[in-house]
Amino acid sequence: PMDIRKSVAKSIRFWNYIDLDTLLCYFNLHLTYFVIICFIGGIILSLIENVPFIDGLFVAVSGACVTGLTVLDFQYITLASQLTVWILCLIGNVVILSLAPVVIRLQNIKAYVRKFGSKDPAKVLIGSSRMEFKVLRKLCLILPLYFFGCQIIVIIIFLIYTYSSSEAKQLITPRGSTSAWFSFFHPVTSFNNAGFTLFSNNMKSFIKTPLIPLLMSVLITLGNVGFPLALYAIVNLLRLFSKKKRVYTFFLQHPRRCFTHLFPWEQTRWILITVVGFNVIQIAGFLVLDWNGGATVGLSSGEKVVASIFQSTASRTAGFYIVNLNLLDPGVQLLYVIMMYLSPYPIGLSVRTSSVVNNEQSIFETAELSKQYRTGFSYQLKSDVARDMSWLAFALIVVCVAERDKLTNNPDFTIWKVLFELVSAFGTVGLSLGYRNSPLSFSGQFTTLSKLVVCITMLFGRHRALPSSIDRAIKLFDKSEIQSSLKPVPQAKMHLDVVGRGYNSLDMGEFRENLRANEWFDPRKKDPHYSEER
């Protein structure tokens, strides 16, 4: 008994030192979610395909982190495995995951206000809290429509095109797929920025059908780097043409108070400039250095332009390729490595440096805060670069040690390919230089330890752009804030109700709290001393 009491006392003392707010912060919950779905997906894939667990886990992590690196040939795996990866891509998308804090905050407000007898918080909240609640309610409609609408529109276009075009059918059906599954699979992997395709040679065969790669390029942009830009445009259009102008105006004035991926115009403009600038640089580099290169031999001028647009878009966030990457000019390969590394920075830095901690001021609302933003941006950039480079250096050393025999004896197994693979994993891009004539990523030649390092690198890279735990857009609604935002009741009415309904002094505190929440409060539900005679 004494030992039991001592162990219980030690356990109590241990739990007293644990800060639940820190333990259950947004980053930890987000990471736990990904670890769980990756392990479940890895088990399912390894059982279906009868492959080692590390291979199933690798593909599951790649799917959930919307990367696209693979150690399985998707042209020959079962439909069940393809469907599993397809679902992992959907539930790992940045748009759908950014909706989760919105729904949780909205339900938290409703649950708390319901304690005071009101079913609609919009009727009892006042001021900015009321407007914020309305914005959250609008987001619960806008985000699902955006997420599913973009994909469904392109799915319909693909269905019409693949069933009506004989050329498209010849590219799809002889490889064991169908026009219907192709039309459902590729728009989803494009929008979710996962470079998985149903064919061993990825998208190289579709250079002759420009509509498919161009539409996929649009989806790749809308699903990742273009999401904040598209959302900003949608909210502005709704503000112009909707009757609820005040709600959308408040959203544009306080974007980071309400949502993680809508920014003030200054940052939105910066994201737009970087996205356009990076794409222009990549397209120009491809056309200048590889116009007559080995990767574009046999292509017409129009096909080369389409290839440059598609490859430049995919090389920053999605792992598709439409030409042989090994035949690209070394300068273009190096450019792709740089762009893969930089891919999360425009949005990631915007999210971290525009956090709204208090409820009243955005980071750009005063000149002083704007100056602080510029200082914070510089500090955050240096911090992120130092952290990212440290992990990449560590991962590269571990993989080189684990693969030292192959690096020494195999001329096709080079440090450049290892570095390219790790940067691609860290940027959650999915491009790979491959190995000889294998349809797999270069990681397919790695040992178990190296594959595990790549999995951790993909998970780490997927969490680079998360907001900080103190970010107002991901924190639950403060109860004291809700109470202070409830509609007050006039003092005269309160006095009459106190006298007329027979409240004694002991019940005054509870009465005021409930009466402040709603004017129709019935004391008979709360006051045990209430009677009709009194």
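A nonpolar core is a set of buried Ala, Val, Leu, Ile, Met, Phe, Trp, Tyr and Cys residues joined through side-chain atoms within 4.5 Å. In the predicted model described here, the largest such core holds 121 residues, and Phe-259 and Met-458 touch the most other members. Helix α8, which covers residues 127-164, gives the most to this core, contributing 13 residues. In soluble globular proteins, nonpolar side chains tend to be buried together.

The overall architecture is described by 25 helices and 0 strands. Of the 534 residues in the protein, 53% are buried. The accessible surface amounts to about 24600 Å², and carbon and sulfur atoms account for 65% of that area. Among contacts between residues at least 6 apart in sequence, 74% join residues that are at least 24 apart.

The surroundings of Met-458 illustrate such contacts in detail. When its neighbours within four places in sequence are left aside, Met-458 is in contact with Phe-58, Val-61, Ser-62, Cys-65, Thr-67 and Leu-69, as well as with Ala-425 and Thr-428. One of these partners, Thr-428, lies in the loop between α21 (415-426) and α22. The phi angle of Thr-428 is near 50°, a positive value in a residue other than glycine. Thr-428 is counted as buried because its relative accessible area is 13%, and the cut-off for burial is under 20%.

A positive phi is also found at Asn-202, where the angle is about 60° although the residue is not a glycine. Asn-202 is located in the loop that connects α10 (179-191) and α11 (211-222). The relative accessibility of Asn-202 is 7%, and the residue therefore counts as buried.

Apart from residues up to four places away in sequence, Lys-134 touches Ala-122 and Val-247.

The structure holds 4 cavities of 30 Å³ or more. The largest cavity contains about 440 Å³ of space. Its lining comprises 29 residues, of which Val-94, Asn-224, His-261, Arg-462 and Ala-465 lie nearest the centre of the cavity. Two or more lining residues are given by each of the elements α3 (26-49), α6 (94-114), α16 (301-317) and α22 (448-462). Helix α6 gives the most to this lining, with 3 residues. By class, the lining of the largest cavity divides into 12 nonpolar, 15 polar and 2 charged residues.

The lining of the second largest pocket is made up of 11 nonpolar, 17 polar and 3 charged residues.

Definitions and conventions
Residues are numbered from 1 along each chain as its sequence is written. This is a predicted model: local features need pLDDT of at least 70, side-chain atom pairs count only at pLDDT 80 or more; totals for chains, interfaces and linings use all residues. Side-chain values use heavy atoms; hydrogens and water are left out. Buried means under 20% relative accessible area, exposed over 50%, partly exposed in between (1.4 Å probe, protein chains only). Helices (H or I, at least four residues) and strands (E, at least two) are DSSP runs, numbered from the N terminus. Contact means heavy atoms within 4.5 Å. Accessible areas come from the Shrake-Rupley method with a 1.4 Å probe; for residues, only the protein chains shown count as cover. Ala, Val, Leu, Ile, Met, Phe, Trp, Tyr, Cys and Pro count as nonpolar, Asp, Glu, Lys and Arg as charged, and the others, Gly among them, as polar. On a 1 Å grid over the protein atoms alone, a cavity is a set of points where a 1.4 Å probe fits but cannot get out, and a pocket is an open set with protein on both sides within 12 Å along at least five of seven lines; lining residues have an atom within 4 Å of a point. Grid points are joined across faces, edges and corners, and a volume is the space filled by probe spheres set on the points.
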